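Me: I have a model open and want to learn how to read it. Where do I start?

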There are 4 protein chains.
Amino acid sequence: MALGMTERLKPIHAAVCAMVRDEIIPLDEEFLSEVGKAGSRFVYTARQTEILEGLKAKARERGLWNFWLTHSDRGYGLSTVEYAYLAEEMGKSHLAAEVFNCSAPDTGNMEVLERYGTEAQKEAWLKPLLAGEIRSAYLMTEPGEASSDATNISMSCVRDGDHYVLNGEKWWSSGAGDPRCKIYIVMVRTPTEGKKHEQHSMILVPAGTPGVEVLRAMEVYGDDDAPHGHMHIAFNNVRVPVDNLILGEGRGFEISQGRLGPGRIHHCMRAIGHAELALELLCKRSLAREAFGKKLAQLGANFDIIAEARMDIEMTRLLCLKAAWMMDQGDAKAAAPWISQIKVAAPRMALKIIDEAVQMHGGAGISQETPLARMWKHVRTLRLADGPDAVHRRQVARQELSRYLNGKV
Amino acid sequence: MALGMTERLKPIHAAVCAMVRDEIIPLDEEFLSEVGKAGSRFVYTARQTEILEGLKAKARERGLWNFWLTHSDRGYGLSTVEYAYLAEEMGKSHLAAEVFNCSAPDTGNMEVLERYGTEAQKEAWLKPLLAGEIRSAYLMTEPGEASSDATNISMSCVRDGDHYVLNGEKWWSSGAGDPRCKIYIVMVRTPTEGKKHEQHSMILVPAGTPGVEVLRAMEVYGDDDAPHGHMHIAFNNVRVPVDNLILGEGRGFEISQGRLGPGRIHHCMRAIGHAELALELLCKRSLAREAFGKKLAQLGANFDIIAEARMDIEMTRLLCLKAAWMMDQGDAKAAAPWISQIKVAAPRMALKIIDEAVQMHGGAGISQETPLARMWKHVRTLRLADGPDAVHRRQVARQELSRYLNGKV
Amino acid sequence: MALGMTERLKPIHAAVCAMVRDEIIPLDEEFLSEVGKAGSRFVYTARQTEILEGLKAKARERGLWNFWLTHSDRGYGLSTVEYAYLAEEMGKSHLAAEVFNCSAPDTGNMEVLERYGTEAQKEAWLKPLLAGEIRSAYLMTEPGEASSDATNISMSCVRDGDHYVLNGEKWWSSGAGDPRCKIYIVMVRTPTEGKKHEQHSMILVPAGTPGVEVLRAMEVYGDDDAPHGHMHIAFNNVRVPVDNLILGEGRGFEISQGRLGPGRIHHCMRAIGHAELALELLCKRSLAREAFGKKLAQLGANFDIIAEARMDIEMTRLLCLKAAWMMDQGDAKAAAPWISQIKVAAPRMALKIIDEAVQMHGGAGISQETPLARMWKHVRTLRLADGPDAVHRRQVARQELSRYLNGKV
Amino acid sequence: MALGMTERLKPIHAAVCAMVRDEIIPLDEEFLSEVGKAGSRFVYTARQTEILEGLKAKARERGLWNFWLTHSDRGYGLSTVEYAYLAEEMGKSHLAAEVFNCSAPDTGNMEVLERYGTEAQKEAWLKPLLAGEIRSAYLMTEPGEASSDATNISMSCVRDGDHYVLNGEKWWSSGAGDPRCKIYIVMVRTPTEGKKHEQHSMILVPAGTPGVEVLRAMEVYGDDDAPHGHMHIAFNNVRVPVDNLILGEGRGFEISQGRLGPGRIHHCMRAIGHAELALELLCKRSLAREAFGKKLAQLGANFDIIAEARMDIEMTRLLCLKAAWMMDQGDAKAAAPWISQIKVAAPRMALKIIDEAVQMHGGAGISQETPLARMWKHVRTLRLADGPDAVHRRQVARQELSRYLNGKV
C-alpha cells in the first residue's frame, strides 16, 4: 500500500505547485473581481477569458492536463493516489482545477462518457471536454425531494417515437451558469417496472434545447458562484433523440455509482488543499499580530488549535490516499465504504480548520481580505453534494455491521 | 433570582410576538430583495422606506418602542431580564429589532449618550436616536491591529485649540453604510501619559464631517449587509469641536465597559431567537421530507440532533437570563464575567443549531430558500464582535482563578 | 420562576455547607480505607459504624435531615429548587448524602412508599427509612434484557393464593450489598393482558426472604462500591404476601414514573457538586505546579479549559434548577422532558470537568491521591442509571417534534 | 511510503492473530481472577506462572518473540511499520504483549540498553530481558513535580568515590510491583552545571538494592494493576557502582528521547487494537439486544456512532503507520513530531470508542462482564504516560510554527 509520492510524480508535482503558486493564485482575485462587469454575472468579461484561457493554454502546452483520468489510454497515466497529490495543490487556488482541466463537474461527466458513452457520444461531447473547449453540467438534485435518497428522483422521461420527452425541475446544477456549458447529463425516471434502483436513467441534453429554462442561480450563503453558477432549471417537454440515452434505460444508478466515486474523492483531495492553506494563513497571522504583549500564537489555546489542525490534516490526507489506493485496486464495490469515509471526514476537517483560521484573523477572516470565507462557503457545500454526511455514515455503518451478520442491517 | 416572564411583561411579549410573526417577518424578504434596486446598495428604495418606516410607525404608535433602555426614566421601564424575552423574539426576523428601535449599534450608542453624554450631546443625538429619526455607528476596530486587545487602538486624536484632529482608519463600522446614519462614536487614542487603560477616549464625529472618507463595505462571507453596511472608513485630519469629547480624555475604556455590557447581551438574546427559529425549521423539515421510506426525523442521529439542540437552547437561554439578572442588580463589575460567559456560549450554540438546520434542509439550507444561511453569517460575526471568544474565555478563567489567589493570574 | 436561594434556605444551606466541609469530608477517606477490614467488604467495621452513625446523629440532632421529601407533611418543607442547592453540596463528599438521610436509592424508595404505599407498608418500611434506621434497594435492571426499554423487564411474578411467587434475576441492585438494607422494591412482570405499559408491577420483598440469593457484586470500572454494592441477585420461587404489592397489578410504570423523576434530578444536583469540586481542584493544581517556567494555569489551553468548565457548570446548574422548578409546579408530565434534559446534560458535564481535572493532576489525578477517579467512576454510572442518555434524548426529541404534529413521531 | 502489510509479514501476522485469539485471550480472565490468591496481590500464583510461562514458551518456540526490536541484529528484523500490525493484535488481549516479549516497559528499557549500554550492562540485563527471564522498570515521574516538564526531575544522584548515591522519590514506576522485576532504569539529577537538558542522567539500580523502599502501589481508577503494579518508591541513600551509569553524566535527556519514541508508538499501536476490539463488541451488542421493537443498532445515533468509530480507527491507524514509517527512515528528530501527533490521537480515539462501547452495553459495559472498563482505565493512563497530551500538542504546534519563523516560538 504505497501512499507516498512516486518518483515519476515528483517533477509533475513540482511543476503544478509552481504554476499554482506563481501563476494562478496571483490571478484568482482579479478574475473574481471581474464578475458582473460584463453586465450579467454569467457572461465572461474579455479579461476573464484572457486570464482563464491564457492559463489553460500554458498548462496544456506544458502537458499539465487531464491528470484526473486514471486507468485510461486517453488520460495522463497517473494513479488515483498520484492524482491526489496534484488535486490537493489545485485546492489552494480558485482557478487552478479548471486550468489543468481537472474541475468538477466536468471530470465526473467525462468519466461517465469515457466509461459508458457510445462512440458517437464520445465524439460529440467527450472530445471537446477533454480538450477544454466546452464545459458541462450534471443534473441530479430536485427541489421537491430529499435527495439524500436518490431513488426519490422524479423527473419524468417518457419515450415518444425516437425521442425522449423530459418534464420536471432540477436545481443545484453546478456549472450550468457558465456560458461555455454545452451539455447536461440528466438523471431521470424512466417508466420502467422493477427494482427501486432500476427505475432511473441518464440522458444527454444539450444546453439550449427547446423547453430548457434556467430559472435562477441558487446561492451558497448568498454567493451565486458566478459565472459557474448552481442553476435551477425547468424542463418543459424537452425532446432529445433516443440515442442520447447513456448505457440504457434503468441503468442510471449503475452509472451514478461509477461517476460519483472519483468525483467525491476529488472534492476531498482539494478540501485537504483548502485546509493546508487555511492552516498556513492561521499560523502566519498568529505570528504577525500581538495582543496583551504577546504574539497571538502564544495566547490562549492557540498552540492546541494549531496542533490539532496539523493532526487532523495528516490523518485525513492519509485516509484520502488510502481511499484513492482502494480505487486504484479496481474493485469499486470494495472502495465504496472508503470513499464514504473520506467524503464525511475531509469536508468536516477542512471546515473546522478554515473556521479556526477565520477566528484567528478577526474581522479580516470573515471578509474579502482573505480567501477564507469563500473557501468555507465552498467546502460547506461538500457536506451535501454527492450525498449528505448522514447518508455516507449510514453506508459505513451498514458495511461495518454486515461483518457480524449474514445479511444487511 | 426571578428569571421567568413577569405578569406585566406578558401582554407586551404577546404584542411583540404577534407583530414579529404577522407583520414584520412577512416583509423581511421583500425588504431584502429591494437592496441595490436604487442604483447603490446603500440607498433605500421607496419601497424599503415604506416598509421600514411603516412598521416603525405602527410599533411607536402601539407603544412597542425602546424596550432596551432599562433603569432610566427615558426608557420603557423594563428590567434586562424582561427585555431578554422580547429581544429573543426580535431575533427571529431581519427587520424586527429596528422596527422596535432596539437595534445595534444604536442601542449601545444611546446607552453611552444616556449615561455619559452632556445635555447638549443628548439633545443633539440621543433625542433623534430615541425617536428613531436617525441612526448611528460605533467606530472601534482598526485594520492594522489585533482588536482582541483594545489597548492596541491607535487612531490619533490631538487637540488643536478648541478642536480635536483625528487621523487613522477604522473598519467594521457597522451601520455606517446606512444613509440615515448621522453620528459616529469613535474610540481614539489621546496623547495622555499614564496607565494602559487611560490613554483612550471616545468622541462624537458627525457623519460627513470633512476628512471622513468611507473607503468600502466590508463583506461578511461575501455579504455587504447593505444598506446597513460594515464600513471601512479613513479619517484624514478630521476636525471636531472639543465639546464632542464624551466624559473626558482618557476615559474611553470606562465608557466602553459601560457600553459593551448591554450591547453584548442583546446580541446573545437575539442569537437565542435565531436558534429557536432554526430548530423550528429543522423540525418541520424533518417531518416534511422522506428518505428510505421514513421521515427524515426518524433517520440517523436526527432524534439526538433535535434533543441536543433543545437542551443547548434551554441552557443558553437560562445563562443569558442569569447574566441579564446580574446586570439588573446594578453591579457592572460583578456582572462582567456573566456577560463574557454568555458572549461565548450563545453565538456558538446558535451557530451549531443553524448549521444542523442547514444540513437537514440539504441544498435549500445553504441557499436563499430559507433565512438559515443569512442567519448563520450574521451570528458568525458575533464570535468576533465586541471581543473574540478567546478574550472572553480569558476573562472568565482569570476571574475563576482569582478565587484561589490574592492577586490576578 | 424564582431559581435563586430563598431567604429561609440560607441558614440551612450554610449549616449543610459547614458540616460537609468541616465534619464529613475529613472522614470520607478514613471511612473508605476501612472497607474490607472486617473480613468481608460488605460488613461494616466498628469504626465505619462509628463514623457514619456519629455523623447521622449530629445531622438529625441539628435538624438537617430528610431535606429531599418535598411537598409532604412528613418532609422538611423545602421546594425541589431549594433542595437542589443542598444536594449540590452533598455531592462534594462521599458520605454526605447518607449523613443527611438524602441518599439514593432510599430517597426514591421512600418517595414510592410515601406516595403509593398503604398505611401498613408505610409503617413497616417508610418509618424506619425516614428515621435512617434501615436502608433499601430498588431492583429493576435485568442481566438478560436491554433495560433502555423497561418494557423488556421479565422477572416473573405469579399469584399463588395469597402470595406472589417471584422468579428471575436482577442486577445493579444498588445498595443491596449493605448489611443494613432490609427491603427491596422489585419491578416485576405480572401476567396481565393488555397494554405494553400495564404489564408490570412493583412489589416489596424483604431482604433475606427465602429464595433470594445474592450472586455477586457488580463492579464499576473495577470498583465494587462496598459496602453499598451493586448486587446481582437471583430469585428462586421467592414468596411474598399479596399485601406486598404496591398500588396494584399492572401499575408498575405509573409508579416508576413517579419514582424516577425525583431520583434522576437528585443525581444531577449532586453531579453539579462533583463538578464544582473538580473545578476547584483543577484550579488549585494549575496554580500550584509549574512547567516550562510558568504556572500550569498559564500554559496551553488551560485558561480555555477553566472558562469552559465554569460556563458548563453554570448552564447545567440553571437547567437543573429549572427542572426542579418544573417539578415544583406539580405537573409531572410537563416536568418530564426537563428531567430528561438534565439527566443527559449533568453527568456529561461533570464527567468532562472531572476528566480535565484528572488530566491537570497528571498521575495523581488517576490515582487514590484525589477523589477525582472515584468521582468519575460514580458519575459514569449516571449515564446509564435510570435510563441511558439515548433514551432521554429520544424523549426530548419526541416532545419537541410533537409541537409540529398532531400525534407522536 | 509503503504502509501496507508486507508479504513476509503476512504469515507472522496470521500466526500472532491466531495465537492471540485462540490461546491467549481465552486465558486472560483466568489469569486476572488469580490476582491476590497468593496472599499478596504482587505475588504470582502457581496457576498464573503456569499460564504466563506456558504461553511464553509456546511463543518463543514458534519464533514469535521480540518483534519490537527493529533495526538491530539482536531483533527479529521487522520494520516499525511491520511491527505495528502485530502490536495492534496484541492490544486485544491483556497478556499478549508479554507473551511475545513485547511489553512495556521492558521494550523501552531494552531499547536503552541495546543502544546506549556498555557490553557489561548488556550482558547483565539486556540478555535476560531479551530472553524473557526477568522484567524491568523505568523510574522517571516524581510525586513532587509536574512531570509534563521533565527538567523538573529532582532525584538527587551524587558521586561518592566509585559509587553514586541516590535520594528522592519516584512514583508510577510501572512493572516494579512484579516479583520478576530485577532492574530499574532511573532518571536522576546529577549536579552538573550547564544547560537545562544536560543536568540529568540515567542509571541502573537493581531492584532490592539497600535503601530502595517500595512504599505503595499507585491505583489507576482504583485498580492497582497487580501483579504488574505502578509503584511509589523511596530512595534513601541508595548506592550503586559508577559503572551503572548509562552513557555518561548529563546525557539523560539524550537517552530518554531515544527511549521514548518507540515506547510511545508501541502504546499507540496497541491502543488501536483496543479500539478495534471495542468496536467489535459494540457492533455485536448492538445486534444482539432489542429495545422498542428494534435492534439497538437501528436506534438513535447508533449508525453514526459506528461509522464515526470506523473512520476514527482508520485515520488513526494510518497516522500510526506513518509515524512508524518515519521512524523507519532513521531520522529520530524528523520522526518526533509524528510520534507526538499519534501519542495524542491514538489514546483519545480509543477512549472515545471504548466509552461508546461501554454505553452500548449498559450496565454490563461498566462492569467485569466485558474487558471494556479495564481497557478504558489502561488507555486513560496513556494520555499522561510519556508526556501528557498538552506537551505533545505543544511540540506539534511549535514545529508547525517554526516553518514560518527563523527561530522557535
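**Reading the chain, then one glycine**

Reply: Start with the secondary structure. Chain A has 12 helices and 10 strands. Its radius of gyration is 22 Å, close to the 22 Å from the globule rule for 409 residues, so chain A is as compact as a globular protein of that length. Keep in mind that this is a predicted model.

Me: What box do the C-alpha atoms of chain A fill?

Reply: Take it along the principal axes: roughly 80 × 60 × 45 Å.

Me: What share of the residues in chain A is buried?

Reply: Burial is read from C-beta neighbours within 10 Å; 20 or more means buried. In chain A, 59% of the 409 residues are buried. Then look at contacts with a separation of 6 or more: 71% of them join residues 24 or more positions apart.

Me: Which domain does UniProt list for residues 137–233 of chain A?

Reply: An unreviewed UniProt entry gives "Acyl-CoA oxidase/dehydrogenase middle" for that span. Residues 137–233 of chain A are 0% helix and 48% strand, and their end C-alpha atoms lie 11 Å apart.

Me: Now a single residue. Is A:Gly194 buried or exposed?

Reply: Count neighbours again; 12 or fewer means exposed. A:Gly194 has 8 C-beta neighbours inside 10 Å, so it counts as exposed. A:Gly194 sits in the loop between β4 (181–189) and β5 (200–206) of chain A.

Me: Which residues does A:Gly194 touch, leaving out those up to four places away in sequence?

Reply: A:Gln199 and A:Gly250. A:Gly250 is 56 residues from A:Gly194 along the chain, yet their C-alpha atoms are separated by 9.0 Å.

Conventions: Residues are numbered from 1 along each chain as its sequence is written. Chains are lettered from A and ligands numbered from 1 in the order in which they are written. This is a predicted model: local features need pLDDT of at least 70, side-chain atom pairs count only at pLDDT 80 or more; totals for chains, interfaces and linings use all residues. Helices (H or I, at least four residues) and strands (E, at least two) are DSSP runs, numbered from the N terminus. Two residues are in contact if their C-beta atoms, placed from the backbone, lie within 7 Å. UniProt positions are given in the numbering used here, feature names are shortened, and annotations may be inferred rather than shown by experiment. The radius of gyration is taken over C-alpha atoms; the globule rule is 2.2 Å times the number of residues to the power 0.38.
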